Amino acid sequence: MPPMALLDVDRLTTAFPIEGLVVPAVSGVSFTLNAGETLALVGESGCGKSLTALSILRLVDPPGRIVSGAVRLDGRDLLTLEEREMRAIRGRQIGLVLQEPMTALNPVYTVGSQIAEALEVHGLARGKAARARAIELLEAVRVPEPQRRVDEYPHQLSGGLRQRALIAAALACQPKLLIADEPTTALDVTIQGQILDLLRDLKARFGLALLLITHDLGVVAQTADRVAVMYAGRIVEEAPVRTLFRDPKHPYTRGLLASLPGQHGTRLRAIEGTVPRLGHIPAGCAFAPRCPSRFEPCGDLPALVPGTEGGQPVRCFLHHRVRETAATTVAIAG
Amino acid sequence: MALLDVRDLTKIYRQRRGLFGKATETRAVDRVSFSIEQGETFGLVGESGCGKTTTGRCILRLIEPSSGQVAFKGQDVLALDRRALRESRRHMQMVFQDPYSSLNPRMRVETIVEEPLVIHGIGTRTERAARVAELLGHVGLDPELRRRYPHEFSGGQRQRIGLARALALNPSLIIADEPVSALDVSIQAQVINLLVDLQARFALTYLLIAHDLRLVRHVCTRVAVMYGGRIVEMGTTEAVFERAEHAYTRALLSAVPRPDPDAPTVRLKLDRDAIRPGADLREIGPGHWAAV
């Protein structure tokens, strides 16, 4: 039996009520993440990548709610815990870094007190010890002059330093898993590079598992070990990072890679159409209406299984030996 | 003669610290000079706060520059009175970054696109309606949708509406400030292709203000890199991207994460000592200038 994964997300479904119907925005999403590993969840706005992260932490705002599935951390299903037990997990075992470093920090508290708060809430340190630890953490995320910065307010820090402070707060309790949702999207490219280097370095130093949520394929290529591509609430392809960039299988993954600007003067190969809105997701393969290779079977939902030549799991009939629909896989699994 | 010639454009903001504090000066744009030929796509790149957006707005006098010259088709834009400025703006249009906040949510699409024609008193009501349908067609939107409101459209479609409005008066120059950065990757490509098509069809000249270096490299003929309110390097896209000379340009280019897991990641740290503050641009190769 393979060693147990640190995080095991199993057929997670999170839905919103729309016009009397329960509409899944995250639909049967499964993946695992091991200690010391980076998995990137990639996709465009509304694909469900951020909602997957919020579901793992059980922070989905009503009326949205987790409908089914399991989220196992070290084998323990977080979805069955009491809210009180869940609070002990958030911050302590799973750290979260969000996109907007300005809104994620409270403007009326110093940076140091916000880092110390995480330690105090989880009873790991208080008072002087917490402050000393906050300085250590700021140093670990390479904030210059941590002794001085610890007493500063968020508005006194640049965007890059704020994001470092947030990472320091997320790491305060030495979580095993860090979820970073677009951690560099609001930053300038030179600062983005520094933050990516920092995340990589922290991962190596603390054996941290990183769930990186991003739309930027450049960031993915430089940071991830494995990649799961999401479209309309489902994972459509999952592969080691090299395989995904060298040999993408799903027409959506191929389309995304082909639409990146590259050679000067060539015409970009855009994906036709637009991302379907929640409540208007087509039946069967959700990408079919935009897919240049769609054919008759695409009215059914393909399963996420390895293609004919082996290789990575892909949710596309073009690569299936027999038509493996999602329904048949569920029947086998059940 | 260049279509647009910008000379020593400067915008200074003065700020007093506290009631009796000393006034400090911030040079948001500092002696910026460049010219754009008819039919070019000129990229103005740099990170937040470098002055690229302020430069674009000063050219259209959406912000009044502190000093310098802006010549559009040989006419001194900064000397124009209100009336003449309005007339000149027919030929210079702007496309904004955020397709969500740049369109009036209470106006129907047809009203938004027609508005510039009304302001400039062009055509009869019937002629304008026909022109609106034609413009929507040019940007790939179904004219049948003209009675809808902005919120009924996706981000990419809204950016098309903004483009239709910008094209209404047959401008020769379009200043596009981060036109695709708020859009999803697959939609960005659609809008970029549309910009390229429209340029060929209507002989447009673009000033593209952007932070996405991959995009700039893809579409621009020439590029200027801004840092701290100044242009520190300028040249053909090929020269700037292949033979960058300025320390800032080099650091910036090396920081762009390449969508290739095997690409070496050698991020150059910005060597501040190598930057000579206030250095003027000098020609370091054919059509390639750097403040070194």
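Which residues in α4(A) meet which residues in α5(A)? In this predicted model, A:Gly112, A:Ile115, A:Ala116, A:Leu119 and A:Glu120 of α4(A) meet A:Ala130, A:Arg131, A:Arg133, A:Ala134 and A:Leu137 of α5(A). Residues count as in contact if their C-beta atoms, placed from the backbone, lie within 7 Å. Helices are DSSP runs (H or I, at least four residues), numbered from the N terminus.

Local features need pLDDT of at least 70 and side-chain atom pairs count only at pLDDT 80 or more, while totals for chains, interfaces and linings use all residues. Residues are numbered from 1 along each chain as its sequence is written, with chains lettered from A and ligands numbered from 1 in the order in which they are written.

The axes of α4 (residues 111-121) and α5 (residues 127-140) of chain A come within 9 Å and cross at roughly 115°. Axes are lines fitted to C-alpha atoms over the stretch in contact, with angles from 0 to 180 degrees between N-to-C directions.

The largest nonpolar core has 94 residues. Such a core joins buried Ala, Val, Leu, Ile, Met, Phe, Trp, Tyr and Cys residues through C-beta atoms within 7 Å; buried means 20 or more other C-beta atoms within 10 Å of a residue's own. A second, separate core includes B:Ala182 and B:Ala290.

| Core | Residues | Among its members |
|---|---|---|
| Largest | 94 residues | A:Ala168, A:Leu211, A:Val227 |

Between the chains, the contact takes 30 residues from chain B and 30 residues from chain A. On the chain B side, α6(B) gives the most, with 7 residues.

Definitions and conventions:
Two residues are in contact if their C-beta atoms, placed from the backbone, lie within 7 Å. Helices (H or I, at least four residues) and strands (E, at least two) are DSSP runs, numbered from the N terminus. A residue is buried if 20 or more other C-beta atoms lie within 10 Å of its own, exposed if 12 or fewer, and partly exposed in between; C-beta atoms are placed from the backbone.
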